[in-house]
Amino acid sequence: MPSNKFWKFKNLSDDEVELFLYGDIADSTWWGDEVTPKQFADDLAEISETANITVRINSGGGDVFAAHTIGNLLSKHKGNVIAVIDGLCASAATIVACHCNKVMAAEDSSYMIHPVRVGICSYVDETDIDGLKSALVTCKENILNLYVKKTGKDKEYIEDMMNKTTWFTGPEAKEEGFIDEITEVIDPNVVENRSGLLFINSISMNMPYDKAPNFMHKPKNRISKNGLVNIIKNPKKEESNNMEVRTVDELREYYPELVREIEDSARADAMNTERQRIKEIEEMCIAGCEDFANKAKFEEPMSAEAFARQTLKNFRNQGMAFLDASKNDAEKSGVNNIGASNDPGLDPVDEEDSFIDSVKKVVGKK
């Protein structure tokens with residue numbers, strides 16, 4: 001069972017259910033995954049088979065196999081399934097939308113299609129590349145057929161838009177046939193640039209902000225819920241007497257460069273502090289404590305001071321264990337009873353105790 005599901009079912013009544021797909025469509029690929037698709041199917045099966053489902057979408061896409069699986073399961077549902085695009089419907093999210101009986105979208109929503117891509121995280125040979133290419137061709141063909149069926153447009157026309165990566169406003173997507181109905185804007189979308197990433201309604205689209213089309217940056221898309229217009233301003237060139245920054249998000253929107261500078265500075269300080277911590281631990285590491293030093297640096301991070309204290313404590317414990325073992329071995333072997341001391345005034349037991357006391361003082365035990 002997935003530990004962090006990216007979908008959420010919400011029962012409005014016995015006959016009305018909402019399915020939220022906000023953010024990535026799957027945190028990891030469903031290719032070869034048997035557990036996560038089954039969990040989604042099980043969640044869907046708990047809903048009345050005649051209930052109407054509203055699929056609310058605000059997603060930059062994700063895993064193609066997950067999107068196809070979700071779409072196919074929804075298309076088999078007996079109740080009416082309607083997709084409502086609240087913000088962005090891009091990449092794999094469009095696959096889910098096209099499987100629904102009807103697609104509705106806000107006027108200030110966005111829609112995007114692009115070529116199928118694959119991530120390669122390891123070395124591949126010629127056979128692997130041929131296999132990946134074959135998979136890409138198959139995936140692209142399936143998606144193209146889905147788009148053609150939804151829009152009624154010519155396949156070559158849709159393929160050309162897909163190959164170029166094409167963005168649409170809500171009305172433009174309706175004109176091309178991807179969307180069936182445009183709804184009235186009640187709560188306009190909030191588009192944000194958070195450290196170079198595109199966020200819509202506080203949800204990361206996992207794509208660079210500067211890759212979003214210009215129409216997403218227009219004022220109508222940038223009215224926040226508290227009534228402030230979130231137009232990015234340059235404080236050096238333009239100051240507003242009515243501007244009142246009350247939250248971190250508002251600070252980020254009004255002064256993005258300042259926030260970015262602060263974040264970069266904090267990140268650099270953190271990196272320098274971490275480098276210094278590791279350097280100090282390495283300088284204090286002596287023979288025999290390498291494993292503990294590696295654990296202190298990476299697996300169970302601790303400060304250099306804590307590392308020094310723990311190292312001394314470990315050596316002290318090891319020293320005491322050695323002394324106890326030596327004493328036990330001596331007692332078992334009977335060596336303590338062999339001969340007398342050359343000093344007629346020193347009892348053999350006293351001599352042993354004196355030796356033990358001397359060694360304990362060396363390792364720090366009082």
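User: Where is the place of Thr165?

Analyst: The model is a predicted one. In it, Thr165 sits in the loop between H5 and E7. Its phi is near 60°, a positive value in a residue other than glycine.

User: What makes Thr165 partly exposed?

Analyst: Its relative accessible area is 29%. Buried means under 20% and exposed means over 50%, so Thr165 falls in between and is called partly exposed.

User: Which residues of helix H5 are buried?

Analyst: In H5, residues 155–164, the buried ones are Ile158, Met161 and Met162.

User: Why are the buried residues of H5 said to line one face of the helix?

Analyst: Looking down the axis of H5, the buried residues fall within an arc of 100°, so they line one face. As background, an α-helix has 3.6 residues a turn, so residues three or four places apart point the same way. Glu156 and Lys164, on the other side of H5, are exposed.

User: What do the buried residues of H5 pack against?

Analyst: They pack against strand E6 (110–113), helix H4 (126–151), strand E7 (166–169) and helix H6 (170–176).

User: What makes Asp154 a cap of H5?

Analyst: A side-chain oxygen of Asp154 lies 3.1 Å from the backbone nitrogen of Glu156, at the N-terminal end of H5. The cut-off for a polar contact is 3.5 Å, so a pair at 3.1 Å is within it.

User: Why is Leu21 called buried?

Analyst: Leu21, in strand E2 (residues 16–22), has a relative accessibility of 1%. The limit is under 20%, so Leu21 counts as buried.

User: Which residues does Leu21 touch, not counting those up to four places away in sequence?

Analyst: Leu21 touches Phe6, Trp7, Val55, Arg56, Ile57, Asn58, Ser59 and Val96.

User: Which residues make the nonpolar surface patch of about 240 Å²?

Analyst: Leu251, Leu258 and Ile262 make that patch. Leu251 is in helix H7 (residues 248–254), and its relative accessible area of 30% makes this residue partly exposed.

Conventions: Residues are numbered from 1 along each chain as its sequence is written. This is a predicted model: local features need pLDDT of at least 70, side-chain atom pairs count only at pLDDT 80 or more; totals for chains, interfaces and linings use all residues. Side-chain values use heavy atoms; hydrogens and water are left out. Buried means under 20% relative accessible area, exposed over 50%, partly exposed in between (1.4 Å probe, protein chains only). Helices (H or I, at least four residues) and strands (E, at least two) are DSSP runs, numbered from the N terminus. The arc is that of the directions from the helix axis to the C-beta atoms. Contact means heavy atoms within 4.5 Å. A polar contact is a pair of N or O atoms within 3.5 Å; within protein, one must be able to donate a hydrogen and the other to accept it, and residues adjacent in sequence count only if both atoms are side-chain atoms. Patches are made of residues with over 30% relative accessible area and no salt bridge: like charges are joined within 9 Å, nonpolar side chains (Val, Leu, Ile, Met, Phe, Trp, Tyr) within 5 Å. Accessible areas come from the Shrake-Rupley method with a 1.4 Å probe; for residues, only the protein chains shown count as cover. A salt bridge is a side-chain nitrogen of Lys or Arg within 4 Å of a carboxyl oxygen of Asp or Glu.
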